[in-house]
Amino acid sequence: MPRYRLTLEYDGSRFAGWQKQRDVASVQQTFEEAVQAICGGELTIDTVVAGRTDAGVHARGQVVHFDLDRDFTPDRLRDGLNFYLRENRIAVLDAAIVDGEFSARLSATARHYLYRILNRRPPPAIESGAVWHVPVPLDAEAMQIAAQRLVGHHDFNSFRSTECQAKSSLRTLDALDVKRVGDEIHITTRSRSFLHNQVRIMTGTLKLVGEGRWSADDVSVALEKADRRAAGPTAPPEGLCLMRVDY
């Protein structure tokens, strides 16, 4: 039974996240229905994904694997799935047959995220649903300085959702960078794994720095307290995108 690895791109604004849930549309359910369709009927597949994106979060480089008792060439599988997914704003960018030991989740060595803030007075039109609109001026340089306080191996309990189910809040953040790109502020980050809402809470905290309400020292204090109440707010999901997964 071959194992297939696929790279997906999707618009998360119309889904309640990756994971299947009762009575709501999810990326996983929609994707698995496309697999069933290309196979010509009912079948059970077990999809494993690199990162379970939340409702409203997008992906440009999500990775999923599954075993299938059908023999498809990678190109035929990619194109067939895209035919059934074309109305759902999900696209298969790449497909490959991989070794049976490969795991989209466990084999990953790094996950790369981008958070986009549209930092201008007028609201977005074309980019609506893909950026967080912040109309007040933000100091990207101050945000970059503060972001470095979070890089490294730390207890990120202050920067995870109270609903996070991870047993440990210890994580190693390999990179967290902030730069201005025209009217946007881009926050890029890399780690082997992230806690639930970690990127969005770090973003919400750095926004406070950009507004001049917090300093880099305040970010360090929030980290040291290891208490969700000590950090800033959770940024909205629409600005976040899973860009790439390394193996």
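Tutor: Let us start with the largest pocket of this predicted model, to whose lining α4 gives the most, with three residues.

Student: Which elements each supply at least two residues of that lining?

Tutor: They are β5 (110–118) and α4. The lining comprises 33 residues, and those closest to the centre of the pocket are Gly51, Arg52, Phe194, Leu195 and His196. The volume is about 1,100 Å³.

Student: What makes a residue count as polar in this lining, Gly among them?

Tutor: Asp, Glu, Lys and Arg count as charged, a set list counts as nonpolar, and the others, Gly among them, as polar. By these classes the lining of the largest pocket has 15 nonpolar, 10 polar and eight charged residues.

Student: Why are residues of helix α5 said to line one face of the helix?

Tutor: Buried means under 20% relative accessible area, and in α5 (residues 216–225) Ala216, Val219, Ser220, Ala222 and Leu223 are buried. Seen down the axis of α5, these buried residues fall within an arc of 160 degrees, so they line one face.

Student: Which residues are called exposed on the face of α5 turned away from its buried side?

Tutor: That face carries Glu224 and Lys225; exposed means over 50% relative accessible area.

Student: What do the buried residues of α5 pack against?

Tutor: They pack against α3 (140–147), β7 (152–155) and α4 (198–210), where contact means heavy atoms within 4.5 Å.

Definitions and conventions: Residues are numbered from 1 along each chain as its sequence is written. This is a predicted model: local features need pLDDT of at least 70, side-chain atom pairs count only at pLDDT 80 or more; totals for chains, interfaces and linings use all residues. Side-chain values use heavy atoms; hydrogens and water are left out. Buried means under 20% relative accessible area, exposed over 50%, partly exposed in between (1.4 Å probe, protein chains only). Helices (H or I, at least four residues) and strands (E, at least two) are DSSP runs, numbered from the N terminus. The arc is that of the directions from the helix axis to the C-beta atoms. On a 1 Å grid over the protein atoms alone, a cavity is a set of points where a 1.4 Å probe fits but cannot get out, and a pocket is an open set with protein on both sides within 12 Å along at least five of seven lines; lining residues have an atom within 4 Å of a point. Grid points are joined across faces, edges and corners, and a volume is the space filled by probe spheres set on the points.
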